[in-house]
Amino acid sequence: MSPGKHASERKAAAPMAAGARLEAMRRRVRLSRLAVWTVIAAGPIALGVAITSTPTTVEAATPSKPTAAVRTTAQAADPAGYAQLFVHAWLRSSADDASSAQARLAQSMAPDVALPDPAADAQSTPASVTAVRSAQRADGAWSVTVAAQYADGAVRYYAVPVAADRAGASFAVTGAPSVVAGPARAEMPKSSYGVGVPEGDLSAAVGEFLAAYLTGAGEVDRYLAPGVSLSSVSPAPYKAVTVQQVSAVEEAAAAEQVPADGTKVRVLAQVEARDTGGRWPLAYEIALTARSGRWEVSALESGTALDGGAR
């Protein structure tokens, strides 16, 4: 056969092959549609079988990272109050009367501790018992120092060993008290109130405010800065209050005139309060703010600030 004839046959076969492929594709589409309609006609059960029979793509689960352990540090319960109660009962009990209420209480708190045996002319029971120091010696083991003060002014210190669980749900006195020396007096740090405040607007504002606060002489609100809420002591404990000395942290407090609005100072006022029972030296920390040519109280603090830090 000639090359020309072969070429003509190839050209004629190409459209036929393409047509055959197209027809095959159409048949597959028709068969697929027929299958779907057949399943639908067969009802929900067949449709469910058809769906579940299809290949399922399984995705690999991403391994979860291990959860980091959360560490919580439980704050150990301080048994100071328990030791204080024990010493209070123990000092008021006697081995000669183990059935008394105080003896039974002491024995219930410390079953292995013997009761004292005071002499007939022994010093009277203490006027007050106060826990002054707690020290954790080991896990669950404490030593509590308790001060017993007597009517004549004498003070005796007892170290009490106490066992405590971490939750503070149970305590036990594990041994007899020990008489120990009292805590040493700490060195007094230098006061931050080093600026002397002369008599003038600031001292007068402090005196008038404290008089209203402690004696009920006038309304406290008139001395307060806007937005500050403070109630006077009620009932008023004193008849009169006199300012003895005022010192401040900031140099602006020593100015002869009230400075610009918004100027803030912190002062320590030493006062003498009087009532029917006598005279009482008191001290108050007060924060004041200048506004419209006058000093207004912006905060009343308790205790004495020694570091000069902002409140």
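Me: Which residue in S10 is the bridge partner of Leu288?

Reply: Val297 is the bridge partner of Leu288 in S10. This is a predicted model, where local features need pLDDT of at least 70, side-chain atom pairs count only at pLDDT 80 or more, and totals for chains, interfaces and linings use all residues. Residues are numbered from 1 along each chain as its sequence is written, and side-chain values use heavy atoms, leaving out hydrogens and water. Strands (E, at least two residues) and helices (H or I, at least four) are DSSP runs, numbered from the N terminus. The chain has 5 helices and 10 strands.

Me: How many bridges join S9 to S10, and in which direction do the strands run?

Reply: Strands of a sheet pair through backbone hydrogen bonds, either parallel or antiparallel. Two strands pair if DSSP finds at least two bridges between them. S9 and S10 run antiparallel, joined by 7 bridges. S8 and S9 are also antiparallel, with 12 bridges. Gln270 stands opposite Ala283 of S9.

Me: In what order do the 5 strands of the open sheet come?

Reply: The order is S6-S7-S8-S9-S10, and the pairing is antiparallel.

Me: What lies across S7, S8, S9 and S10?

Reply: Axes are lines fitted to C-alpha atoms, for helices over the stretch in contact; angles between N-to-C directions run from 0 to 180 degrees. Contact means heavy atoms within 4.5 Å. Helix H5 lies across these four strands, at about 125° to S9.

Me: Which residues of the largest nonpolar core touch the most other members?

Reply: A nonpolar core is a set of buried Ala, Val, Leu, Ile, Met, Phe, Trp, Tyr and Cys residues joined through side-chain atoms within 4.5 Å. Buried means under 20% relative accessible area, exposed over 50%, and partly exposed in between (1.4 Å probe, protein chains only). The largest core has 30 residues, and Leu202, Phe209, Leu210, Val267, Ile286 and Leu288 touch the most other members. H5, S7 (240-248), S8 (264-275), S9 (278-291) and S10 (294-301) each supply at least two residues of this core. H5 gives the largest share, 8 residues. A second, separate core has 22 residues, among them Trp90, Ala106, Ala148 and Val173.

Me: What does Val267 touch?

Reply: Set aside neighbours within four places in sequence. The contacts of Val267 then include Leu202, Val206, Val246, Ile286 and Leu288. Tyr193 and Tyr284 are also among them.

Me: How many aromatic pairs does the whole structure hold?

Reply: A pair of aromatic rings is described by the distance of the centres and the angle of the planes. Rings of Phe, Tyr and Trp (its six-membered ring) pair if their centres lie within 6.5 Å; planes under 30 degrees apart are stacked, over 60 edge-to-face, and the rest tilted. The search finds 5 pairs. For Phe209 and Tyr213, the centres are 5.8 Å apart and the planes are at 20°, so the pair is stacked. Both residues lie in H5 (residues 201-215), 4 residues apart, about one turn of the helix. Phe209 counts as buried at 0% relative accessibility. Tyr213 is buried too, at 14%. Elsewhere, ring pairs link Phe86, Trp90 and Tyr158 into a cluster.

Me: Is Glu250 buried or exposed?

Reply: Glu250 is buried, with a relative accessible area of 19%. Glu250 sits in the loop between S7 and S8. Not counting residues up to four places away in sequence, Glu250 touches Val195, Lys264, Val265 and Arg266.

Me: And Ser292: buried or exposed?

Reply: Ser292 is exposed, with a relative accessible area of 56%. Ser292 belongs to the loop between S9 and S10. Their hairpin has 2 residues between the strands. Ser292 has a positive phi of about 55° although it is not a glycine.

Me: Which residues does the cis peptide bond join?

Reply: Ser234 and Pro235, with omega about -5°. Pro235 is in the loop between H5 and S7.

Me: Where is Gly182 found?

Reply: Gly182 is in the loop between S5 (178-180) and S6. Gly182 is partly exposed, at 33% relative accessible area. The C-alpha atoms of Gly182 and Arg156 are separated by 7.7 Å, with the residues 26 apart along the chain.

Me: What percentage of the chain counts as buried?

Reply: Of the 311 residues, 28% count as buried. Among contacts with a separation of 6 or more, 50% come from residues 24 or more positions apart.
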